[in-house]
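Subject: Structure handover

Hello,

Here is the structure for your files. My notes on what was found in it follow below.

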Amino acid sequence: MQYDLYKNIEISAQGLFSGEPLPKREKYRVHLLAMGDVGSTLAMGLRLMGGDVISALGICDLREGVPQRWEFELNQINVPDGNRFPPVEIVDLDHILDCDVFLFCASRFVPDTAVKSGDVRMAQYELNRPLAASYGRMAREKGFKGMFCVVSDPVDQLCRAALLESNKNEAGELDYKGLAANQVRGFGLGVMNARAMYYAQKDSRFASYLTEGRAFGPHGEGLIIANSICNYDGRLSQELTELTKKANLEMRALGYKPYVAPALSSGALSLLACLRGEWQYSSVFCDGVFFGIRNRLTGSGCEVEKLDIPAPLAERIGETIEMLKGIE
């Protein structure tokens with residue numbers, strides 16, 4: 001039986017973790033936790049491009065001097081007439097959730113450039129899961145009603161951890177008094193779409209992706225790149241998927257950490273499109289897991305792009321969903 005992605009997204013939206021649509025605002029207060037390579041690059045993008053939808057950007061890092069450095073640097077990015085960019089302010093941990101949008105960019109483990117093989121993202125899960133879960137519990141304690149956005153790897157699995165832990169009582173039992181599923185969103189798929197476009201521009205065999213292609217699934221293992229929705233080719237799609245999935249390893253082979261494109265394509269550009277109500281790639285709650293898909297925020301909630309998905313592609317999507325369910 002063909003996997004019905006849209007039916008499962010609709011069921012999830014009406015399930016135990018459902019909540020009221022997030023309030024639409026003219027401008028949002030955004031707080032960003034952790035100013036490492038990804039966080040600092042993401043903050044630059046938000047400062048430069050977010051003036052129309054961000055009222056202020058709050059930054060927090062537990063390392064001494066780091067937030068002071070970035071408040072100093074970011075507020076000195078300006079144009080001659082000034083007053084075009086959102087102000088950057090230091091916020092402490094006690095006030096990190098006093099915002100409309102919380103960006104979780106923290107990580108206890110980031111592989112260095114010596115790591116050049118394997119699923120680097122999942123190697124981070126064991127240490128980053130408890131960290132994401134702790135902020136999920138903090139959101140519960142503070143009654144947080146804004147958007148809880150995960151940028152750290154592995155994005156989709158950390159979204160699930162934050163949602164589940166926020167909904168557990170002190171005995172570890174689910175009581176559904178924490179975050180609603182529509183509050184939690186993962187930003188990792190944007191760069192996978194951008195990487196697929198990069199390869200499609202370099203190889204004419206993949207050119208259809210630029211106008212007809214779509215990306216689905218997690219930022220890493222289980223990623224699905226469809227060369228075309230109209231003329232789906234399983235072999236070409238799988239080849240493009242592998243190129244896209246392993247692009248980060250190509251950068252590592254050059255001796256650099258692959259963080260600039262993710263911070264901007266998945267992070268700044270996708271988040272700003274989301275806040276503007278534009279179509280973008282991010283992970284939403286589907287069938288018990290978080291799954292990346294093209295979507296947009298509307299006044300009535302999250303609208304997922306509905307497509308006539310070919311049966312072979314639907315089968316791949318179903319396999320990825322089942323794979324994600326098996327990750328605790």
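A pocket here is found on a 1 Å grid over the protein atoms alone, as an open set of points with protein on both sides within 12 Å along at least five of seven lines; a cavity is a set of points where a 1.4 Å probe fits but cannot get out, and lining residues have an atom within 4 Å of a point. Grid points are joined across faces, edges and corners, and a volume is the space filled by probe spheres set on the points. This is a predicted model, in which local features need pLDDT of at least 70 and side-chain atom pairs count only at pLDDT 80 or more, while totals for chains, interfaces and linings use all residues. Residues are numbered from 1 along each chain as its sequence is written, and side-chain values use heavy atoms, with hydrogens and water left out.

Two or more lining residues come from each of helix 1 (5-13), strand 6 (184-186), strand 9 (280-286), strand 10 (289-298) and strand 11 (301-304). Helices (H or I, at least four residues) and strands (E, at least two) are DSSP runs, numbered from the N terminus. Helix 1 gives the most to this pocket lining, 5 residues. By class, the lining of the second largest pocket has 18 nonpolar, 9 polar and 9 charged residues. In these classes Ala, Val, Leu, Ile, Met, Phe, Trp, Tyr, Cys and Pro count as nonpolar, Asp, Glu, Lys and Arg as charged, and the others, Gly among them, as polar.

Cavities

Rolling a probe the size of a water molecule over the atoms shows where empty space is left. The count comes to 2 cavities of 30 Å³ or more.

The largest cavity has a volume of about 40 Å³. Its lining consists of Asp156, Gln157, Arg160, Val289, Phe290, Leu324 and Ile327. Helix 6 (155-166) and strand 10 each give two or more of these residues, and the largest share, 3 residues, is from helix 6. The lining of the largest cavity has 4 nonpolar, 1 polar and 2 charged residues.

The second largest cavity holds about 30 Å³ of space. Tyr6, Arg214, Ala215, Phe216, Tyr281, Ile293, Arg294, Glu305 and Leu307 line the second largest cavity. Strand 7 (214-216) and strand 10 each supply two or more of them, with strand 7 giving the most, 3 residues. The lining of the second largest cavity divides into 6 nonpolar, no polar and 3 charged residues.

Helix packing

Axes are lines fitted to C-alpha atoms, for helices over the stretch in contact, and angles run from 0 to 180 degrees between N-to-C directions. Contact means heavy atoms within 4.5 Å. Angles under 35 degrees count as roughly parallel, over 145 as roughly antiparallel, 65 to 115 as roughly perpendicular and the rest as oblique. A crossing is left-handed if the near helix is turned anticlockwise from the far one by less than a right angle, and right-handed if clockwise.

The axes of helix 2 (residues 37-49) and helix 11 (residues 260-275) come within 9 Å and cross at roughly 40 degrees, so the two helices are oblique to each other. Their crossing is right-handed. Residues in this contact include Val38, Leu42 and Met49 of helix 2 and Val260, Leu264 and Leu272 of helix 11. By class, the contact of helix 2 with helix 11 has 11 nonpolar, 3 polar and no charged residues.

Helix 7 (residues 189-202) packs on helix 11 at an angle of about 120 degrees, with the axes 7 Å apart, which makes helix 7 oblique to helix 11. The crossing of helix 7 and helix 11 is right-handed. Leu189, Gly190, Val191, Ala194 and Arg195 of helix 7 meet Ala261, Pro262, Ser265, Ser266 and Ser270 of helix 11. This contact has 5 nonpolar, 4 polar and 1 charged residues.

Backbone

Most residues other than glycine have a negative phi, and most peptide bonds are trans. The peptide bond from Asp153 to Pro154 is cis, with omega near -10 degrees. Pro154 sits in the loop between strand 5 (147-150) and helix 6. Ala34, which is not a glycine, has a positive phi of about 90 degrees. Ala34 is placed in the loop between strand 1 (28-33) and helix 2.

Regards
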